[in-house]
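Hi everyone, thanks for coming. Let me put the sequence and the structure up on the screen, and then we can walk through them together.

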Amino acid sequence: MRSAVTQWTAAALALASTAAVAHESAIKPESHAPAGVMVDHTHAKGEVMTGYRYIRTSYSDTFYGSETVNAADLAAAGYSMMATGMTMEMIMLDIMYAPTDNLTLMLMPMYMRMDMDMGMTGMGGHGHHTMDGMDGMDGMDGMDGHDAHSMHHSHGISDWGDTNVSALYNWTNNPAHQFITTLGINMPTGKVDLKNPDGTFVHYGMQPGSGTWDLTPSITYTGMVGHFNWGLQGSAVIRLEDENDSGYALGDKYAATAWGAVRLLDWMSVSARLEWSDQDAISGHYNGPHNHSSPADIQANYGGEFLDAGIGINTVVTGGQFAGVRLGVEWVTRIDEDYNGYQLGLDDGVNVSLSYAF
């Protein structure tokens with residue numbers, strides 16, 4: 001009897017060991033999309049994932065459509081001020097829970113920081129774009145237009161942005177070929193009434209929220225064979241209201257992205273990605289005092305059609321106590337653009353994703 005028990009115990013331990021090895025070997029770095037792609041995967045029933053995402057983008061040259069322009073061009077167009085550079089940072093918590101094998105729920109709050117450098121175009125403040133009810137130079141972003149310091153100054157904001165709540169449904173639940181549809185809502189938790197020291201609204205693009213309830217649907221397909229993984233995703237941000245409490249609404253946005261990844265090591269893969277996006281200009285108008293002195297103050301100077309490219313690395317801990325901890329980093333740059341009106345152009349950006357499922 002003891003011999004039989006010993007044999008059964010040994011068999012059970014061997015089976016458990018084999019299952020553990022199989023579980024660890026099933027953790028693949030390329031099974032998640034590049035760091036710049038969201039809602040690309042679901043989880044098994046009862047599983048919880050906590051994640052942290054960081055996005056930083058930088059902007060410098062000013063574009064009109066697909067061509068770069070300079071201060072003289074902006075002065076000729078009637079602008080007395082111009083943005084000379086900008087950085088934007090977003091921090092997001094990515095919290096997911098799967099009540100079933102096919103359905104995963106997601107909550108994503110966001111915090112934003114934006115810093116912009118401003119300068120004069122050299123036209124002396126006599127253009128046709130002025131602040132409502134005030135001279136276009138006096139009081140621009142809280143600065144006296146005739147003071148020496150107004151030749152170049154910086155300003156920024158930092159605050160909570162909108163919060164996304166989404167439901168992801170996996171129609172196949174097959175790691176080799178997954179088809180996921182997502183229906184989400186952006187809740188308007190971010191402010192849209194931030195003001196300069198002089199009481200005027202900041203630029204439209206520097207408000208941390210949209211101020212409207214927004215629908216965020218997407219469709220994602222991923223495939224995997226051997227050491228290779230690929231994916232396609234179409235997504236949209238659709239504004240459900242014509243205007244927010246400050247009198248305007250951001251434009252609808254549509255995007256499509258495709259990527260491929262290859263596993264180089266058990267714990268690391270590399271990826272390449274293309275993303276097309278198209279966003280409408282802002283509709284409506286601030287319902288309080290605001291500047292018209294720079295391109296960022298004009299609703300028509302937002303949105304456009306763009307093509308971006310990214311390369312990235314995904315890593316995952318494949319064994320031990322921290323098995324399943326994932327870190328992804330992706331660098332993105334713009335390769336083609338058609339901006340609406342006059343806008344700062346994207347230089348590049350970095351996407352970072354850190355997550356753990358349990």
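Let's start at the largest pocket, where helix 1 (2–26), strand 10 and strand 18 each supply at least two residues of the lining. Before going on, two notes on what you see: this is a predicted model, where local features need pLDDT of at least 70 and side-chain atom pairs count only at pLDDT 80 or more, while totals for chains, interfaces and linings use all residues. Residues are numbered from 1 along each chain as its sequence is written, and side-chain values use heavy atoms, with hydrogens and water left out.

Some words on terms. Helices (H or I, at least four residues) and strands (E, at least two) are DSSP runs, numbered from the N terminus. On a 1 Å grid over the protein atoms alone, a pocket is an open set of points with protein on both sides within 12 Å along at least five of seven lines, a cavity is a set where a 1.4 Å probe fits but cannot get out, and lining residues have an atom within 4 Å of a point.

Of the 28 residues that line the largest pocket, S31, H32, T42, E47 and R326 are the closest to its centre. By class, that lining has nine nonpolar, 15 polar and four charged residues; here Ala, Val, Leu, Ile, Met, Phe, Trp, Tyr, Cys and Pro are nonpolar, Asp, Glu, Lys and Arg are charged, and the others, Gly among them, are polar.

Next, please find strand 8, residues 177–187. Its covered face has Q178, I180, T182, G184 and N186, while H177, F179, T181, L183, I185 and M187 are on the uncovered one. Which strands pair with it, counting a pair if DSSP finds at least two bridges? Strands 7 and 8 form a hairpin with six residues between them, and N173 in the turn has a positive phi of about 55°. Strand 10 (residues 218–225) is also antiparallel to strand 8, over six bridges, and there Y221 is the bridge partner of F179. Strand 9 (residues 214–215) runs antiparallel to strand 8 too, joined by two bridges, and its L215 is the bridge partner of I185.

Is N164 buried or exposed? N164 counts as buried because its relative accessibility is 10%, where buried means under 20% relative accessible area, exposed over 50% and partly exposed in between, with a 1.4 Å probe and protein chains only. Leaving out residues up to four places away in sequence, N164 touches M106, L107, M108, G184, I185, N186 and T216, with contact meaning heavy atoms within 4.5 Å.

How values were computed
Pairing = 2+ DSSP bridges.
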